[in-house]
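Subject: Structure handover

Hello,

Here is the structure we spoke about, with my notes below it. Please read the notes with the model open.

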Amino acid sequence: MIIETDGLRRDFLVGTRLRRRRVVAVRDVTLNVAPGEAVGFLGPNGAGKSTTIKMLTGVLVPTSGSASVCGLDPVRERRELGKRIGVVFGQRSQLWWDLPLEESFDLHGAIHKVPAARYEERLEECVELLDMTSFLRTPVRQLSLGQRMRGEVTAALLHSPELLVLDEPTIGLDLASKERLRSFLSAVNARGEVTLLLTTHDLPDVERLCRRVVVIDHGRVLVDDELSTLRRRFAGNRTLVVELTAPAEALAGLTGVVDVQVEAQGMRQRLAFGAGTSAAELIAEVARRVELRDVTVDEPSIEDLVRTLYASSRPA
Amino acid sequence: MADRVYQRIVASRLRGRLAYPTSFVLDVLGQAIGQMIELIVILVLFTTVSSLGGFRPDEVMLIYGMASIAFGLAHVTAGQVEQLPEYIRTGEFDVMLLRPLNTLAQVLTADVELRRLGRLLVGACVMAWAVGHVDVEWTPLHVLIAVLAPIFGALILGSIWVATNAISFWLVDAREFANAFTYGSNFSTAYPITMFGPWLRGFMCFAVPSAFVAYFPTLALLDRPDPLGLPEALRYASPLAAAAAILVAGLIWRSGIRHYQGTGS
């Protein structure tokens, strides 16, 4: 296991000396991640994601419980761990603001004692895949957010870490930048060299990158499963969207359909159907009753899935 | 071992600073003038009195020069620690904890403020002048003391910078508190301690060992018995005082880090 935690807990004391209050940020997180995995770490704001990540990377000491990352104790062996993991915080930078990106990389390589040959190889690859040639000589402070994040991810990978921890890496990025970053991370992870642990509010990140999802809420692990399994268990209905050639009344009485919505003055209808129904049969049945111009099947979105999960975690 | 890394970090900081030569020159000048104000105060005092705490003008200049060089060196090397509250607030300190490097060394090298050279410059000039004027017999031991005293002094003052600014790990921003000691030491080390009351003297000798920066080494150079009758060994004790100061500062820093890892945000 590259990450192994057992009953990780973290309390904070808040308030003034007279009115101290104990707040539990992380109550009980037990998590095992095998090398090569890509795990999406989800949860609403304040669920304890960042606190957990800080405990895994040696920034915070757990109140109780234990953590082992790359076989090391994150706090006691912080510096050794620093050589073996890469961390990207979406909201803070590990680059040097006034240095050109290239020199920031150079310093980062020196700090991690990356051998020259490996450094060159690694850098060249990242520069090419992330299309950074045009701004390598630009000081970091003049980079756009998207460019900077590409730089952050490159820096975090230069020393060939075994584990890459990303805390909201796509926050604030435009769609094209997000997509570029996702496909890069996905390619890096697919080669099996680096394990990914990713927190995000951007669920397409998870969809693109992670096979496994860990959802935490109120400091506890709520769900820890394969994304596909979760879909089947929680997501429920798919939707068949049919575009008609002529307006029609809502199609009633179709086998397996649980909800019908009529849009565009009856020219489009959305038919929600359960897991037991085949999309092909439903399309055939609809085609017998009305003339179809086009059909699409919407998979349940991961947003719906997560919404269901969060809702189920709260006491009714 | 990792010193080459810090060399490169510092070199990169320097390049950034020297990119603006005019502001560099003005900064240095500004600091030098700041340091000279203290000097002018002393000179003005001497227009009305002939000795300060039993020391002649040239002797006070020797103390002042030695103290200023020590302060300048400490300011250049350890002064960056005063940015600690800023690094904690912005989360930059978290990033430092993620790097496989010592945290204190990272804070100290996080930036290089060349303007701090200004104070060093003034100290060196005054020291040079004083050495030419004081009545000191330049034996090898005295030369050694004159050369080493500012270095041990810088270690003592640097430790004070680190120790007092590390309070920021517990309090949100302890900069003003720290300033009282750090910039305050610039004042307290520059005069013969005979000028101060007994309570303050005790504090400067033993609690915050600033008397070891320039006062005691100067007694050694002048070959003069301590007007206060303190043991003669103290005048050679600056290395010990420096070692103790470094130890205490290191311990405070370490427990500060542990407290920080226990607090977080």
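Axes here are lines fitted to C-alpha atoms, for helices over the stretch in contact, and angles run from 0 to 180 degrees between N-to-C directions. Helices (H or I, at least four residues) and strands (E, at least two) are DSSP runs, numbered from the N terminus.

This is a predicted model: local features need pLDDT of at least 70 and side-chain atom pairs count only at pLDDT 80 or more, while totals for chains, interfaces and linings use all residues. Residues are numbered from 1 along each chain as its sequence is written, and chains are lettered from A and ligands numbered from 1 in the order in which they are written.

Chain B

Chain B has twelve helices and zero strands. Its C-alpha trace spans about 55 × 40 × 35 Å along the principal axes.

Two helix pairs in chain B involve helix H11 (residues 215-222). The axis of helix H8 (residues 140-165) of chain B comes within 9 Å of that of H11(B), and the two cross at roughly 165°. H8(B) is therefore roughly antiparallel to H11(B) (angles under 35 degrees count as roughly parallel, over 145 as roughly antiparallel, 65 to 115 as roughly perpendicular and the rest as oblique). The crossing of H8(B) and H11(B) is left-handed; a crossing is left-handed if the near helix is turned anticlockwise from the far one by less than a right angle, and right-handed if clockwise. On H8(B), B:His142, B:Ile145, B:Ala146 and B:Ala149 meet B:Pro217, B:Ala220 and B:Leu221 of H11(B); residues are in contact if their C-beta atoms, placed from the backbone, lie within 7 Å. The residues of this contact divide into six nonpolar, one polar and no charged (Ala, Val, Leu, Ile, Met, Phe, Trp, Tyr, Cys and Pro count as nonpolar, Asp, Glu, Lys and Arg as charged, and the others, Gly among them, as polar).

Helix H3 (residues 57-78) of chain B also comes within 9 Å of H11(B), axis to axis, and crosses at roughly 135°, so H3(B) and H11(B) are oblique to each other. Their crossing is right-handed. The H3(B) residues B:Glu59, B:Leu62, B:Ile63 and B:Met66 meet B:Tyr215, B:Pro217, B:Thr218, B:Leu221 and B:Leu222 in H11(B). Seven nonpolar, one polar and one charged residue make up this contact.

Chain A

An open sheet of four strands in chain A has the order S11-S12-S10-S13, with antiparallel pairing (two strands pair if DSSP finds at least two bridges between them). S11 and strand S13 (292-298) of chain A stand at the edges with a single partner strand each, so one side of each has no neighbour in the sheet. Strand S10 (residues 238-244) of chain A is joined to S13(A) by six bridges, and A:Thr239 has A:Asp298 as its bridge partner in S13(A).

Six bridges also join S11 (residues 257-263) to S12 (residues 268-273) of chain A, with A:Val257 opposite A:Phe273. Four residues lie between these strands in the hairpin, where A:Ala264 takes a positive phi near 50°.

Interface

The contact between the chains takes 17 residues from chain B and 23 residues from chain A.

Regards

Terms used. Two residues are in contact if their C-beta atoms, placed from the backbone, lie within 7 Å.
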